[in-house]
Amino acid sequence: MRAFREAIEAGDLDAAEALLAEDVVFTSPVVFKPYTGKPITAAILRAVAGVFEDFRYVREINDVSGRDHALVFTARVGDRTVEGCDFIHVDDSGRIDEFTVMVRPLSGAQALAAAMGAQFERIASEARERSA
């Protein structure tokens with residue numbers, strides 16, 4: 001998904017949010033239950049943009065139908081280097097309706113969980129404001 005990748009790489013989170021379907025399902029690498037909806041997904045994306053340092057996509061894999069994409073990335077969370085992948089599916093209108101993130105190694109995932117957990121109340125508050 002070239003448009004999403006370019007938005008994230010440019011730090012244009014508004015453009016990235018505009019690509020999300022209203023009923024997008026976001027599956028976190030560190031939380032069991034998926035999050036549903038554009039407001040919470042956008043709030044998570046904004047928070048993770050502040051947590052990841054030196055974020056960059058290193059590979060893009062797209063299926064022939066153009067509906068499934070894998071964006072491989074590297075980043076740091078504090079002193080931990082992480083490798084990860086954003087698995088993205090788009091609906092019939094080209095909006096992201098499924099967004100799954102996987103991260104390795106375990107120590108990096110734990111650092112990410114701690115950093116994001118520290119922001120949970122702010123993320124939830126932002127999502128509530130965007131839903132109103």
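**Close-up views of a predicted model**

View A. With a relative accessibility of 29%, Ala15 counts as partly exposed, a class that lies between buried (under 20% relative accessible area) and exposed (over 50%), as found with a 1.4 Å probe on protein chains only. Ala15 belongs to helix H2, residues 13-18; helices (H or I, at least four residues) and strands (E, at least two) are DSSP runs, numbered from the N terminus. Between the C-alpha atoms of Ala15 and Val72, which are 57 residues apart along the chain, the separation is 20 Å. The model is predicted, and local features need a pLDDT of at least 70, while side-chain atom pairs count only at pLDDT 80 or more and totals for chains, interfaces and linings use all residues. Residues are numbered from 1 along each chain as its sequence is written, and side-chain values use heavy atoms, with hydrogens and water left out.

**View B. Strand S4 and the strands on either side.** Strand S4 covers residues 68-77 and is mostly covered, since eight of its ten residues are buried. Seven bridges join S4 to strand S3, residues 53-62, and these two strands run antiparallel; strands are said to pair if DSSP finds at least two bridges between them. Within this pairing, Tyr57 has Phe73 of S4 as its bridge partner. The hairpin formed by S3 and S4 has five residues between the strands, and in its turn Gly66 has a positive phi of about 80°. Strand S5, residues 80-90, is joined to S4 by ten bridges and also runs antiparallel to S4. Asp68 stands opposite His89 in S5. The hairpin of S4 and S5 has two residues between the strands, with Gly78 in the turn showing a positive phi of about 60°.

**View C. The whole sheet and helix H1.** Six strands make up an open sheet in the order S2-S1-S6-S5-S4-S3, and their pairing is mixed. Strand S2 (35-36) and strand S3 each have a single partner strand because they stand at the edges, so one side of each is left without a neighbour in the sheet. Helix H1, residues 2-10, packs on the sheet and touches S3, S4, S5 and strand S6 (96-104), and its direction makes about 170° with that of S3. Contact here means heavy atoms within 4.5 Å, and axes are lines fitted to C-alpha atoms, for helices over the stretch in contact, with angles running from 0 to 180 degrees between N-to-C directions.

**View D. Aromatic rings.** The structure holds seven aromatic pairs, where rings of Phe, Tyr and Trp (its six-membered ring) pair if their centres lie within 6.5 Å, and planes under 30 degrees apart count as stacked, over 60 as edge-to-face and the rest as tilted. For Phe4 and Phe99, the ring centres are 5.4 Å apart and the planes stand at 70°, so this pair is edge-to-face. Because Phe4 lies in helix H1 and Phe99 in strand S6, their pair ties together parts that are 95 residues apart in sequence. Phe4 is buried, with a relative accessible area of 0%, and Phe99 counts as buried at 2% relative accessibility. Phe52 and Phe73 form a tilted pair, with 5.6 Å from centre to centre and 50° between the planes. Phe52 lies in the loop between helix H3 (38-51) and S3, whereas Phe73 lies in strand S4, so the pair ties together parts that are 21 residues apart in sequence. Both Phe52 and Phe73 are buried, and ring pairs link Phe52, Phe55, Tyr57 and Phe73 into a cluster.

**View E. Helices H3 and H4.** H3 packs with helix H4, residues 106-117, at an angle of about 120°, and their axes are 10 Å apart. On the H3 side, Ile44, Ala47, Val48 and Val51 meet Leu112, Ala115 and Met116 of H4. The residues of this contact divide into seven nonpolar, no polar and no charged; Ala, Val, Leu, Ile, Met, Phe, Trp, Tyr, Cys and Pro count as nonpolar, Asp, Glu, Lys and Arg as charged, and the others, Gly among them, as polar.

View F. Most residues other than glycine have a negative phi, and most peptide bonds are trans. The peptide bond that joins Arg104 and Pro105 is cis, with omega about -10°, and Pro105 lies in the loop between S6 and H4. Asp54 has a positive phi of about 55° although it is not a glycine. Asp54 lies in strand S3 and is exposed, with a relative accessible area of 54%.
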